[in-house]
Amino acid sequence: MTAPLLTLAAVGATYPHDDGAVDALADVSFDLAEGERIAVIGESGSGKSTLALAIAGLLPSTAVSVGRIGWRRPMVGGRDIGFVFQDPGASLDPVMNIGDQVAEVRVRHCGEGLRAARRAAIDLLDRVRLPQPSRLARAYPHELSGGQRQRAALAMAIAAGPRLLIADEATSALDTVVQAEIVALIGELVRAASMALVFVTHDIALASQISDRIVVLYAGRMVEAGPAARVVGAPRHPYTQALIAGHLDLSRAPAFPLPAIAGAPPDPFDPPRGCRFAPRCSHAFSACLDEPAWSGGIGDGVRCVGFPLGGEP
Ligand SMILES: Nc1ncnc2c1ncn2[C@@H]1O[C@H](COP(=O)(O)OP(=O)(O)OP(=O)(O)O)[C@@H](O)[C@H]1O
Ligand SMILES: [Mg+2]
């Protein structure tokens with residue numbers, strides 16, 4: 001068997017604050033094969049962006065990270081790893097036209113001259129289905145719609161032919177129709193180039209649509225992971241079950257926002273002892289006061305004491 005493209009072993013991160021540290025992520029372990037598509041799902045504050053940034057080596061310098069992130073071969077950010085942020089403003093320069101921004105990636109990472117890079121940029125704008133790409137190449141970000149800006153950011157992210165694309169809620173600011181189009185486009189692009197994908201979303205319908213594997217985060221802990229069809233069809237963690245039971249209706253695709261599950265996610269400065277979901281879990285019992293161990297295999301299992309004891313929690 002070939003080695004995975006990426007191996008995460010007990011990855012975590014904390015953010016120091018004046019009044020204590022936020023333990024934003026801990027003990028995340030999974031492998032990502034070449035061309036594999038993983039969706040990372042969880043509520044706001046669950047650590048999704050922290051995980052995406054950690055993989056890309058883009059965590060802020062204030063963050064304290066632990067664990068090991070191993071690659072099959074050396075990877076260069078921007079060339080081998082493309083990143084699309086939720087806000088295209090984070091990728092796009094407001095004072096440079098779109099074509100030159102894409103061309104710049106080709107010059108920097110592919111050793112192309114400006115003329116060839118500009119031609120390649122127009123081709124890339126076409127590949128992300130921007131209309132009239134040679135005209136649009138001369139436009140500035142403020143002249144584009146939100147969806148068009150995200151397509152341009154996507155063109156930049158894939159310009160150097162990365163082996164891994166990370167999209168951190170790249171479509172959540174867009175309306176449902178545009179969101180569905182861009183998710184479909186991301187799916188096509190990664191499939192055509194056998195690119196691996198880490199797709200961050202708070203929407204389990206989108207996650208199951210685009211990914212081979214789903215990783216569920218709750219309050220900085222990986223509570224469940226597995227093949228997308230298994231996680232959606234037979235969720236094991238009470239949190240995943242609650243997400244899916246109430247709100248995932250694939251017949252009404254494309255997308256539904258993550259519901260409010262009864263109760264609120266924990267205070268990041270003062271999380272509950274043991275299982276962080278226990279205060280909202282109808283199955284919780286005394287054993288949940290201890291930090292639950294991961295049961296199952298790497299990238300396919302659950303962090304819940306109820307599951308191994310009683311089968312279905
Ligand atoms: N740069 C930072 N400095 C301090 N704390 C941070 C920083 N970034 C994130 N955090 C904290 O870490 C925790 C996880 O945040 P993160 O942004 O990873 O969550 P998320 O799942 O991406 O949320 P969202 O869906 O809102 O984007 C939160 O409690 C957040 O407040
Ligand atoms: Mg985020």
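So, helices α2 and α3. In this predicted model, α2 covers residues 98–110 and α3 covers residues 114–127, and their axes come within 8 Å of each other. They cross at roughly 120°, and the crossing is right-handed.

Who makes that contact? On the α2 side you've got Ile 98, Gly 99, Asp 100, Val 102, Ala 103, Arg 106 and Val 107. Coming from α3, there's Leu 114, Ala 117, Arg 118, Ala 120, Ala 121, Leu 124 and Leu 125. Sort those by class and you get 10 nonpolar residues, 1 polar and 3 charged.

Okay, over to the ligand. Ligand 1 has 15 residues around it, and the closest are Ser 44, Gly 45, Lys 48, Ser 49 and Thr 50.

Let me go through some polar contacts, each to an oxygen atom of the ligand. Thr 50 puts a polar side-chain atom 2.5 Å from a ligand oxygen. For Lys 48, a side-chain N or O atom sits 2.8 Å from one.

How much of ligand 1 does the protein cover? On its own the ligand has 630 Å² of accessible area, and the protein covers 67% of that.

And which elements give two or more residues to that shell? Those are β1, residues 6–17, β2, residues 20–32, and α1, residues 48–56. Helix α1 gives the most, with 3 residues. As for the makeup of the shell around ligand 1, count 7 polar residues, 5 nonpolar and 3 charged.

Note on methods:
Residues numbered from 1 in each chain as written. Chains lettered and ligands numbered in written order. Predicted model: local features only at pLDDT ≥ 70, side-chain atom pairs only at ≥ 80, totals over all residues. Heavy atoms only, no water. Axes fitted to C-alpha atoms, helices over the stretch in contact; angles between N-to-C directions. Helix = DSSP H or I, 4+ residues; strand = E, 2+ residues; numbered from the N terminus. Left-handed = near helix turned anticlockwise from the far one by under 90°. Contact = heavy atoms within 4.5 Å. Nonpolar A, V, L, I, M, F, W, Y, C, P; charged D, E, K, R; others polar. Near = heavy atom within 4 Å. Polar contact = N/O pair within 3.5 Å; in protein donor to acceptor, adjacent residues only side chain to side chain. Areas by Shrake-Rupley, 256 points an atom, 1.4 Å probe, with all protein chains shown as cover.
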